[in-house]
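Let's walk through this one together, from overall shape down to single side chains. Have a look at the sequence and the model first.

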Amino acid sequence: CPILLGGFRVNGEVRGIKGELESINEQIEGINGQIEVLNGEVHGIKGEIQSINGQIQGINGQIQGLNGEVHGIKGELEGINGQIEGINGQIEGLNGEVHGINGELKTIRTTMATKSDIQELKASIESKHLENINCDNLILREVRGLKESVHYINRRVADTELDIHLIKKSTQ
């Protein structure tokens, strides 16, 4: 006989509550399983984040290396600029010699030198002229070489800046 308590069947109510508790326990076990799966996914994501942080550190190292290359190239450019200034100084010296020769010619014209004086002057001018031509050719070769070096370095700087831009863009 079921026990009645205040007009309710106690055994039926207890069984119903037991069934609901078992259902709740099963739901809790399911939720616990889902929590374990989520914990596993969180650990996986943390591992991926650590991997990405490592890649970012590697990229930062590459950027620092490229910055070092850019500084090196800038130093090379400064050296080339110094060489160009030296060549410009040599050209100025040659111009001074040419002005000196022109002054000597004016003096000869005004004093009407003798034939032997003219012969000596001609020999002197020819030797200086040949020296100037040889120096000019040497300077032109050096300037051409420096020009090629500057073009090369400018291309290297542009390539390096492009690499830095691409690396920065890929990390964003």
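## Ground rules

This is a predicted model, so to speak of a local feature we need pLDDT of at least 70, and side-chain atom pairs count only at pLDDT 80 or more, while totals for chains, interfaces and linings use all residues. Residues are numbered from 1 along each chain as its sequence is written, and side-chain values use heavy atoms, with hydrogens and water left out.

## Overall shape

Two helices and two strands make up the secondary structure, and along the sequence they come in the order β-β-α-α. Both kinds of element are DSSP runs numbered from the N terminus: H or I over at least four residues for helices, E over at least two for strands. Helix 1 covers residues 10–111 and helix 2 covers residues 115–171.

The C-alpha trace spans about 160 × 20 × 15 Å along its principal axes. The radius of gyration is 46 Å, whereas a compact globule of 172 residues would have one near 16 Å. That radius is taken over C-alpha atoms, and the globule rule is 2.2 Å times the number of residues to the power 0.38.

## Surface and contacts

How much of the protein counts as buried? The figure is 10% of the 172 residues, where buried means under 20% relative accessible area, exposed means over 50%, and partly exposed is in between (1.4 Å probe, protein chains only). The accessible surface comes to about 13,700 Å², and 56% of that belongs to carbon and sulfur atoms. These areas come from the Shrake-Rupley method with a 1.4 Å probe, and for residues only the protein chains shown count as cover.

Take the contacts (heavy atoms within 4.5 Å) between residues at least 6 apart in sequence: 86% of them join residues at least 24 apart.

## Nonpolar cores

The largest nonpolar core has nine residues: I73, L77, I80, I87, L94, I139, L146, I153 and V157. A core here is a set of buried Ala, Val, Leu, Ile, Met, Phe, Trp, Tyr and Cys residues joined through side-chain atoms within 4.5 Å. Helix 1 and helix 2 are the elements that give two or more residues to this core, with helix 1 supplying the largest share, five residues. Zoom in on I73 and you'll find it touching I153, R156, V157 and T160, leaving out residues up to four places away in sequence.

There is also a second, separate core of five residues, and I63, L66, I164 and I167 are among them.

## Salt bridges

How many salt bridges are there? The count is two, taking a salt bridge as a side-chain nitrogen of Lys or Arg within 4 Å of a carboxyl oxygen of Asp or Glu. One joins E69 and R156, with the closest N and O atoms 3.4 Å apart. E69 is partly exposed at 37% relative accessible area, and R156 is partly exposed at 33%.

In the other, K128 meets E104 at 3.9 Å, N to O. K128 lies in helix 2 and E104 in helix 1, so this pair ties together parts that are 24 residues apart in sequence. K128 counts as partly exposed at 31%, and so does E104 at 33%.

## Residues worth a click

Buried or exposed: which is N132? N132 counts as buried, since its relative accessibility is 9%. N132 sits in helix 2 and is in contact with L94, E97, V98 and I101, setting aside neighbours within four places in sequence. V150, also placed in helix 2, is partly exposed at 22%. V150 and E76 are 74 residues apart in sequence and 9.1 Å apart in space, C-alpha to C-alpha.

The C-alpha atoms of E26 and I133 are separated by 102 Å, with the two residues 107 apart along the chain. I24, found in helix 1, is partly exposed at 41%. I24 belongs to a nonpolar surface patch with I17, L21 and I28, about 350 Å² of accessible area together. Patches are made of residues with over 30% relative accessible area and no salt bridge, joining like charges within 9 Å and nonpolar side chains (Val, Leu, Ile, Met, Phe, Trp, Tyr) within 5 Å.
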